[in-house]
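Here are some questions and answers to read alongside the structure.

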Amino acid sequence: MRLILENIVKRYEDKQVLQGAGFTFETGKIYGLLGRNGAGKTTLFDCLSGEKDMNSGQVMLEENGHTRKLSEQDVGYVYSLPILPEFLTGYEFVKFFMDINRGKLQMEQTIDDYFDMMSMTTEDRHRLIKGYSHGMKNKLQMLLFLITKPPIILLDEPLTSFDVIVALEMKNMLREMKSDHILIFSTHILQLASDLCDELIVLNKGKLSAVPSELLHSAEFEQAVINLLKDESHDENA
Ligand SMILES: Nc1ncnc2c1ncn2[C@@H]1O[C@H](COP(=O)(O)OP(=O)(O)OP(=O)(O)O)[C@@H](O)[C@H]1O
């Protein structure tokens, strides 16, 4: 499966954030998206998930030799600040989610199986989401994608809020998922990027480019990324 981005342009009033961004992502790899503050990472994710309309360009999904336009249902988006019904418990919310999707999806596991996969304790499952930490809310959002299994999963700075144990669990889970999903996560943490991803993409001056793979695990990695990002004329109001 391949996700093909062609010439994506996104403007906010007179500010052009994405300036003809193009890239091809494939299953089997975890992609890290790097860019300076305000480079447009969230904007790119919003355009891919259908939250925001692009001004021009197209996004295609190629599966089994057949290419079609990407639809909203193809994308699971883990927000950096998840929006969840705080008045429900995690368990009630997942039950509700499974009920409304029953029939559409193959749900091979029980609700508790999914919580087990996320290593959430029985006590936490039955607590109101309102009392969840940021990391737990991210986990709950990830859990929904274990159920719906969208081909594309976008994670906007997800692992920053996880403690070391949960971050490790999530890393392992992402590694397991990569064979049949396209996983793209944005991060500012270079160590996480080099540790977890198979390919690193830089969003710079509104365009996407890959960091040469031989640099990813080399001693020069950090300096190379800094050099790439420094290139950007970092003017928020440009
Ligand atoms: N709704 C909006 N209206 C106008 N400008 C916007 C809007 N949303 C984002 N921007 C601007 O677009 C640019 C890109 O923002 P975006 O949030 O996509 O960047 P980012 O790379 O995700 O940043 P960060 O790393 O700080 O989270 C910024 O200059 C931001 O101020």
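Q: How many residues lie between S4 and S5 in their hairpin, and which residue in the turn has a positive phi?
A: In this predicted model, strand S4 covers residues 56-63 and strand S5 covers residues 66-69, and they pair in the antiparallel sense over four bridges. Within that pairing, leucine 61 stands opposite arginine 68 in S5. The hairpin has two residues between its strands, and the turn residue with a positive phi, about 50°, is asparagine 64.

Q: Which strands are the edges of the open sheet of four strands?
A: The strand order is S2-S1-S4-S5, and the pairing is antiparallel. Neighbouring strands are turned by 20° against each other on average, direction ignored.

Q: What is the bridge partner of glutamate 6 in S4?
A: Strand S1 spans 2-12. S1 and S4 pair in the antiparallel sense over six bridges. Across in S4, the partner of glutamate 6 is glutamine 58.

Q: At about what angle does H1 run to S2?
A: Helix H1 takes in residues 41-49, and glycine 50, with a positive phi near 85°, follows it. The buried residues of H1 are Lys41, Thr43, Leu44, Phe45, Cys47 and Leu48. The helix lies across S1, S2 and S4, and its angle to S2 is about 65°.

Q: Which helix gives the most residues to the shell around the ligand?
A: Eleven residues surround the ligand, and the closest are Tyr12, Asn37, Lys41, Thr42 and Thr43. By type, the shell divides into three nonpolar, six polar and two charged residues. With three residues, the helix that gives the most is H1.

Q: Which residues touch the most other members of the largest nonpolar core?
A: Leucine 154 has contacts well along the chain: leaving aside neighbours within four places in sequence, they are Phe45, Leu48, Ser49, Val75, Tyr77, Val78 and Ile184. Two of these, Phe45 and Leu48, are among the buried residues of H1. The core holds 47 residues, and those touching the most other members are Leu154 and Leu183.

Q: Why does asparagine 101 count as partly exposed?
A: Asparagine 101 lies in helix H2 (residues 90-101). Not counting residues up to four places away in sequence, asparagine 101 touches Ile147 and Thr148. Threonine 148 is 47 residues away in sequence, yet the C-alpha to C-alpha distance is 8.3 Å. A residue is buried at 20 or more C-beta neighbours within 10 Å and exposed at 12 or fewer, so asparagine 101 falls in between because its count inside 10 Å is 13.

Terms used
Residues are numbered from 1 along each chain as its sequence is written. This is a predicted model: local features need pLDDT of at least 70, side-chain atom pairs count only at pLDDT 80 or more; totals for chains, interfaces and linings use all residues. A nonpolar core is a set of buried Ala, Val, Leu, Ile, Met, Phe, Trp, Tyr and Cys residues joined through C-beta atoms within 7 Å. Two residues are in contact if their C-beta atoms, placed from the backbone, lie within 7 Å. A residue is near a molecule or strand if its C-beta atom, placed from the backbone, lies within 6 Å of it. Ala, Val, Leu, Ile, Met, Phe, Trp, Tyr, Cys and Pro count as nonpolar, Asp, Glu, Lys and Arg as charged, and the others, Gly among them, as polar. Two strands pair if DSSP finds at least two bridges between them. Axes are lines fitted to C-alpha atoms, for helices over the stretch in contact, and angles run from 0 to 180 degrees between N-to-C directions.
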